[in-house]
Structures are given as C-alpha cells and as structure tokens.
Amino acid sequence: MMNVNKAKAPDVVLARCPSYDPADCRAALEQVVEAFGGLDWVRPGMRIGIKANLVAGMKPDAAATTHPELLRALVEMVKARGAEPVIGDSPGGLYTAVYVNRIYHATGMDTVGAVLNSNFGTKEVELPEAKLAKTATVTEWLLHCDGIINFCKLKSHGMMGLSAAAKNLFGTIPGTMKPEYHFRYPNPEDFANMLVDLDEFWKPQLHLVDAVVAMEGNGPTAGDPKPVGLVLGGRNPHSIDLVCAKLIGLDPATVPTLCAAQARGLCADDPDALEISGAWRDFICPDFRTITERNGLQFQNMFHGKAGQLFSGFLQRYIAARPGVEKSACVGCRKCEQVCPAKAIRMAAGKPKIDRSACIRCFCCQEFCPKGAMQVRRPALARLLVHG
Ligand code: SF4
Ligand code: SF4
C-alpha cells in the first residue's frame with residue numbers, strides 16, 4: 001500500500017464552491033487537496049486512476065455525473081505532480097469501448113485533458129479483508145493504476161438513500177455484471193456490506209465529492225439539480241458520507257452503507273465525533289428532497305424479543321419503498337425490463353408491470369429509466385406511519 005502522509009489531516013474537509021466556474025472549482029479543490037498534503041503522495045511517472053461517477057450518458061447540467069470542470073482542475077493538479085491522470089467508470093449496461101466512449105462524450109469527459117480509460121477488461125479478484133464479498137469481478141483498469149482518487153457526485157439514491165463516496169465504487173463492477181450483484185445481495189444490508197468490502201479493497205488515497213450542484217428527488221439519474229455549493233474531501237469514504245447525509249437531511253440510520261461501516265468500526269456515529277474543516281452546518285439543505293424511508297431500515301431494531309423482531313421484520317418489509325411506474329411519462333422503451341436482475345418486470349399493453357413477489361427492490365429499473373417514469377414509491381402504510 002502506498003505511503004500517504006497522514007499527519008494532522010482532518011477527517012473531512014469542506015470547501016465552498018458557488019459555481020462550476022473554472023476559478024471557483026480550482027480554488028475549492030486546492031483548498032480540499034491542500035488539507036490532505038497537496039497530493040504529496042503522487043510521484044512523477046505514476047498513473048493515477050480517477051474514478052468519476054459517469055452513471056449515464058447525461059449532460060453535466062443534469063447533475064447525475066461528476067462535473068467536468070472539477071475533474072479538469074484535478075487533472076491539472078495531478079499533471080503538475082508529473083503523473084498521468086486516467087479517468088474511468090463502468091456505468092450500468094455494456095462495458096465496451098463504443099458504449100463507454102459515448103458516455104465520455106455526453107458527460108464532457110473528453111474535454112478535461114486526461115487519458116480516458118480504454119481498457120475494458122475485467123478480472124476476478126480476492127477481497128482478503130471482506131466481510132461478505134470474498135471475491136469480486138472488477139474493472140481491470142484501476143488495478144493497473146499506482147493510486148486512486150474517488151471523485152463522486154452527491155445524489156439521492158433509490159436503494160441506498162445516498163450516493164456519494166462509498167456507493168461510487170460500485171462503478172468498479174463491470175456494468176454487465178451489476179444485475180448479478182443485485183441478485184446476489186438482494187437486501188440493502190448485504191448490498192451495503194458488499195459495497196463496504198469494495199471500498200476496503202480499493203482503498204483510494206483520496207475521496208472527493210462534487211456537491212456544487214447535487215441531485216435531489218428521484219436520484220441517481222432522474223432527480224433534479226440542487227445547488228449545495230460545496231466540494232468535500234477525505235480519506236475515509238464513510239466519514240464523508242456521514243457528513244453528506246446530514247447535509248441533505250437524511251437520517252444516517254437509514255443509509256445502509258453507513259450502518260454497515262459503523263458496525264465494523266469504520267465510521268463514527270455522529271459528525272461531532274469527527275474533525276471537520278469547514279462550517280458544515282452552514283451548508284445543511286433543510287428542503288433537500290431525499291428518497292426517505294425507502295428501505296425500512298429505521299424499523300429493524302425498533303422492537304425487541306422474538307415477537308418484536310418478527311414485527312420489525314414485517315414493518316421493514318411492508319414499509320420499504322418500491323418501484324412504481326408513472327404511466328404518463330413511460331414511453332415503453334423496455335429498458336427497465338432489460339435491466340431488472342430479478343426478471344420481475346414484463347411489458348403489458350406497452351407499459352411495465354412489476355411482479356411484487358419477485359421484486360428485490362434494487363431500483364435498477366428506476367436508475368436506468370431514461371424518462372424518470374420509474375419512481376420510488378412509499379406504500380400507504382409507510383405514509384401513514386412515517387410523517388405523512
Ligand atoms: S424504462 Fe422507463 S420509459 Fe422505459 S418502459 Fe420502463 S418505465 Fe417506461
Ligand atoms: S422491478 Fe425494479 S426494483 Fe424490482 S427487482 Fe426489478 S429492477 Fe429491481
């Protein structure tokens with residue numbers, strides 16, 4: 001493992017960044033990176049993998065992907081250290097040059113001055129420190145890098161509640177394999193533990209969050225842009241995510257990756273236990289639209305004893321959010337049917353019909369619906385029990 005200077009760095013750094021103006025991006029990124037030694041671990045000749053969030057071929061203004069202006073600033077800083085930055089990701093869908101090049105172009109990656117990953121190989125690896133996923137099939141390109149910077153986007157997320165640092169490394173699983181992972185780890189707790197295993201495997205030297213304009217509502221692809229005005233950074237993805245959850249008004253107890261990390265002692269329970277550089281409370285967005293109560297995790301330990309646990313399980317199952325089709329927005333493209341790992345969707349009269357008993361609530365259909373027609377819905381019982 002690369003030697004990174006850890007002296008006196010805070011756990012999380014927040015830098016104000018009011019816009020994607022190049023000067024704002026550069027200043028904010030420099031402030032964050034300086035707090036962690038100014039990329040002093042990057043040496044001439046190194047190949048530095050920058051794992052961006054390129055979830056879909058969407059324009060930067062849609063706020064679904066890491067903004068190219070921030071990536072451009074990071075690329076310049078890596079180059080200034082004499083290293084070669086390489087940007088990549090594996091979104092859902094095909095993991096081929098044709099498919100991913102189209103995404104690079106749509107998201108503006110071909111303008112940032114970095115090498116764009118062109119190695120679409122995959123490799124089965126062992127995860128020696130894993131709690132759950134002892135092996136994984138991963139995208140090969142990052143294995144050939146000398147260091148990794150995880151540069152994610154802050155978004156609400158159908159299955160995980162929050163997409164930020166920890167979730168972003170699911171993009172190291174090849175797109176074609178992702179449905180299998182959802183099927184292998186169908187409940188949010190297991191899926192989250194698999195993500196934490198991946199985070200522990202890759203151990204990026206630095207995690208950065210583009211929260212200049214985040215995504216609220218029907219994230220991670222069909223939500224709405226929401227200005228937050230921040231760039232965040234840190235070495236621990238879960239500490240960053242804890243702060244991100246608080247910023248957008250999400251109860252950390254309902255974010256499965258935070259619960260999984262806390263159970264392993266990888267994350268504090270409260271931001272007050274962290275050393276945070278920046279007045280984070282000033283950036284709390286009280287009106288940020290999250291996908292709340294999506295997984296019912298808040299009920300899992302509410303009742304004790306055997307009967308209590310059964311009742312908690314019942315609540316968790318019937319309160320958990322589920323996908324639902326907004327028929328007026330659906331164009332019948334069948335994308336949801338194609339990506340559903342549980343084969344729970346079939347088309348009827350040109351619209352998707354979901355088999356509730358087969359659905360594993362992975363929200364792949366919601367993530368990949370190009371029209372935002374597949375939405376996260378709260379069952380009536382949830383609306384009754386949890387603040388209306
Ligand atoms: S992916 Fe969206 S638009 Fe396409 S069929 Fe499914 S719900 Fe309709
Ligand atoms: S219907 Fe949607 S949420 Fe349910 S298993 Fe299929 S893709 Fe996942």
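Me: In which strand is the place of S163?

Reply: S163 sits in strand β8, which covers residues 161-163. Keep in mind that this is a predicted model.

Me: Is S163 buried or exposed?

Reply: The general idea is to count neighbours: a residue with 20 or more other C-beta atoms within 10 Å of its own is called buried. S163 has 29 other C-beta atoms within 10 Å, so it is buried.

Me: Which residues does S163 touch?

Reply: Leaving out residues up to four places away in sequence, S163 touches K155, H157, G219 and P220. As for T257, its C-alpha atom is separated from that of S163 by 9.8 Å, and the two residues are 94 apart along the chain.

Me: What kind of peptide bond joins G219 and P220?

Reply: A cis one, with omega at about 15 degrees. P220 belongs to the loop between β9 and β10.

Me: How many helices and strands does the chain have?

Reply: The secondary structure comes to 12 helices and 15 strands. Of the 388 residues in the chain, 49% are buried. Take the contacts with a separation of 6 or more: 74% of them are between residues 24 or more positions apart.

Me: How do I read a helix? Which residues of α3 are buried?

Reply: Start with the general idea. An α-helix has 3.6 residues a turn, so residues three or four places apart point the same way. Now the case here: in α3, residues 97-106, the buried residues are V100, I103 and Y104. Seen down the axis of α3, these buried residues fall within an arc of 105 degrees, so they line one face of the helix. Part of what covers them is β4, residues 115-116.

Me: What follows α3?

Reply: G108, which has a positive phi near 85 degrees.

Me: How many residues of α2 are buried?

Reply: In α2, 10 of the 13 residues are buried, so the helix is largely enclosed by the rest of the structure.

Me: What length does α2 reach from its first C-alpha to its last?

Reply: Helix α2, residues 68-80, reaches 18 Å, close to the 18 Å expected at 1.5 Å a residue. The helix is followed by G82, whose phi is positive, near 85 degrees.

Me: Now strands. Do β2 and β3 run parallel or antiparallel?

Reply: β2 and β3 run parallel and are joined by 5 bridges. One pair to look for is K51, which stands opposite G88 in β3. In β3, 4 of the 5 residues are buried, so this strand is largely enclosed by the rest of the structure.

Me: In which sense do β1 and β10 pair?

Reply: In the antiparallel sense, over 5 bridges. L14 stands opposite L232 in β10. Strand β1 is also joined by 2 bridges to β11, residues 276-277, and these two run parallel. There, V12 stands opposite I276.

Me: How many residues of β1 are buried?

Reply: Of the 5 residues of β1 (residues 12-16), 4 are buried, so the strand is largely enclosed by the rest of the structure. As a general point, in a regular strand the side chains alternate between the two faces of the sheet.

Me: What is the phi of K203, which is not a glycine?

Reply: K203 has a positive phi of about 40 degrees. The residue lies in the loop between α6 (188-202) and β9. With 15 other C-beta atoms within 10 Å, K203 is partly exposed.

Me: Where is A349 found?

Reply: In the loop between β13 (345-348) and β14 (351-354). A349 is not a glycine either, yet has a positive phi of about 50 degrees. With 7 other C-beta atoms within 10 Å, A349 is exposed.

Me: Which residues come nearest to ligand 1?

Reply: Of the 13 residues around ligand 1, the nearest are C330, C333, K335, C336 and C369. By class, this shell has 9 nonpolar, 1 polar and 3 charged residues.

Me: Which residues come nearest to ligand 2?

Reply: C340, A342, C359, C362 and C365, out of the 13 residues around ligand 2. The shell of ligand 2 divides into 12 nonpolar, no polar and 1 charged.

Methods. Residues are numbered from 1 along each chain as its sequence is written. Chains are lettered from A and ligands numbered from 1 in the order in which they are written. This is a predicted model: local features need pLDDT of at least 70, side-chain atom pairs count only at pLDDT 80 or more; totals for chains, interfaces and linings use all residues. A residue is buried if 20 or more other C-beta atoms lie within 10 Å of its own, exposed if 12 or fewer, and partly exposed in between; C-beta atoms are placed from the backbone. The arc is that of the directions from the helix axis to the C-beta atoms. Two residues are in contact if their C-beta atoms, placed from the backbone, lie within 7 Å. A residue is near a molecule or strand if its C-beta atom, placed from the backbone, lies within 6 Å of it. Ala, Val, Leu, Ile, Met, Phe, Trp, Tyr, Cys and Pro count as nonpolar, Asp, Glu, Lys and Arg as charged, and the others, Gly among them, as polar. The expected span of a helix is 1.5 Å times one less than its number of residues. Two strands pair if DSSP finds at least two bridges between them.
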